Amino acid sequence: MSVIVKRDNVGIFGRMNVGKSTIMNLITEQNTSIVDETPGTTADSKVALFEIHGIGPVRISDTAGADESGVLGEKKKQKVKSEIKECDLVLLVVNPENEGFGLESEILDEARELGKQAMVIYNLFSEKGSDSVKEMEASFPVLKMCRSIEINALDFPERARLIEFILNNYDRRKSAPELLPFIERDNFYVLIIPMDDETPQGRFLRPQAMVEEYITRKWAYPVSFRMDLGTARSENPEPEIERFNRFLDSLSIRPKAIITDSQAMDIMGKWCPEDIMLTTFSIVMINHTSGGRLPEFVNGIKTLDKLQKGSRVLIVEACNHSRIGEDIGIVQIPRILNKIDPGISIEHNFGREFYENPDLEKYDLIIHCGGCMVSDQKMEARIRDLDSVGVPYTNYGVFLSYVNGPQALKKVLAPWGLEGLV
Ligand code: SF4
């Protein structure tokens, strides 16, 4: 019986004659690819199966240079794009002394669009190479989003440095964490859903539907409560407080936890009883789509206290839903930031605009939505971009909890065992 080995897919991409095959041979320590100075020597992909100590079994492919013109060139380009889709790691080989950046840019854009990790290997063919790298990075901002290394691929001792670079920067895909790891069978969980102008007819929003489905699947009981935020925030919130308490008391077992819309944290931060856990849909989603990186989004919120006149904040939403009324991203969060300091400058990126933003490093803080409409691969790619430029980032749920006081944030992090981070 044959055993199927799960391998990480590593693809080597780039123009013709930049040394892709030499890099492949360097990594695999064998002549897997034919190396020749004639452009286009690798007409089709060469594949090697082997093991990289520290990563495990990998399938590494040396792809065809796709910068040929004509029908054949177009076919190669399509092939390269489909290879990117299958990769876990894209290694883009660049000769920094080459003119232009068209094909390289297409490869990086495709990799980012598909949420693939990409690293750049500058293959230096002469001593001028290093200077050219600096010029190239200044001209093509997308390069700042990628980890990179400069090597001379013909120099075999460089292998150890190249492998170390890959090991230090390659983030192996983990399986997505449980949506709500704290759910216990046969217990009630309350979903606070304040319906407003943006609530679609006939369905729950994706995070609400996912949470409801998950709790049910775990043999527990999701119960939703439509919070009247208008009354709850009014000068006479008593009727809504009573309605909420009556609802809690009507359940035959005390609920274990409340999952609330983040925008209701100003209310739930105060109303949630001490004996019931609390978290928000946005926190649930960002932890899930980011592969469990909630702690990093919590660390980012510390920057909020340092914002002042002239600080720049980017609010990022991963989709382009219709924005009306008291939208969180364009109305509520800017209003809070404005109260912190009216001099804070606020910008937005919706959907793909984030990928096209060439200057992420200019922001002091990035506040990201729950990311419920993007795959975990794409969310992880977004985080890699942010890590590469070193900008602190946080999330709607973390932000809207923290602005109600550190205790409110501690409370929503407790179900995740992260209250100690505040
Ligand atoms: S992707 Fe972001 S903005 Fe769009 S619906 Fe989900 S949480 Fe909201």
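Tutor: A salt bridge is a side-chain nitrogen of Lys or Arg within 4 Å of a carboxyl oxygen of Asp or Glu. The structure discussed here is a predicted model.

Student: What is the N to O distance in the salt bridge of Glu29 and Arg159?

Tutor: The cut-off for a salt bridge is within 4 Å. The side chains of Glu29 and Arg159 meet in such a bridge, and the N to O distance is 3.5 Å.

Student: Which helix holds Arg159, the partner of Glu29?

Tutor: The pair links distant parts of the chain, 130 residues apart. Glu29 lies in the loop between helix H1 and strand E2, whereas Arg159 belongs to helix H5.

Student: Is Arg159 buried or exposed?

Tutor: Buried means under 20% relative accessible area. Arg159 has a relative accessible area of 17%, so Arg159 is buried.

Student: Which strand contains Arg312, and which contains Glu347?

Tutor: Glu347 forms a salt bridge with Arg312, the closest N and O atoms being 3.1 Å apart. This pair also joins distant parts of the chain, 35 residues apart: Arg312 is in strand E11 and Glu347 is in strand E12.

Student: How many residues of helix H10 are buried?

Tutor: Helix H10 spans residues 281-289 and is mostly covered. Among its buried residues are Phe281, Met285 and Thr289.

Student: How many charged residues are in the shell around the ligand?

Tutor: The ligand sits in the largest pocket. Residues around the ligand include Glu317, Cys319 and Gly370. By class, the shell has five nonpolar and three polar residues, and the number of charged residues is one.

Conventions: Residues are numbered from 1 along each chain as its sequence is written. This is a predicted model: local features need pLDDT of at least 70, side-chain atom pairs count only at pLDDT 80 or more; totals for chains, interfaces and linings use all residues. Side-chain values use heavy atoms; hydrogens and water are left out. Buried means under 20% relative accessible area, exposed over 50%, partly exposed in between (1.4 Å probe, protein chains only). Helices (H or I, at least four residues) and strands (E, at least two) are DSSP runs, numbered from the N terminus. A residue is near a molecule or strand if one of its heavy atoms lies within 4 Å of it. On a 1 Å grid over the protein atoms alone, a cavity is a set of points where a 1.4 Å probe fits but cannot get out, and a pocket is an open set with protein on both sides within 12 Å along at least five of seven lines; lining residues have an atom within 4 Å of a point. A molecule sits in a cavity or pocket if more than half of its atoms lie within 2 Å of its grid points. Ala, Val, Leu, Ile, Met, Phe, Trp, Tyr, Cys and Pro count as nonpolar, Asp, Glu, Lys and Arg as charged, and the others, Gly among them, as polar.
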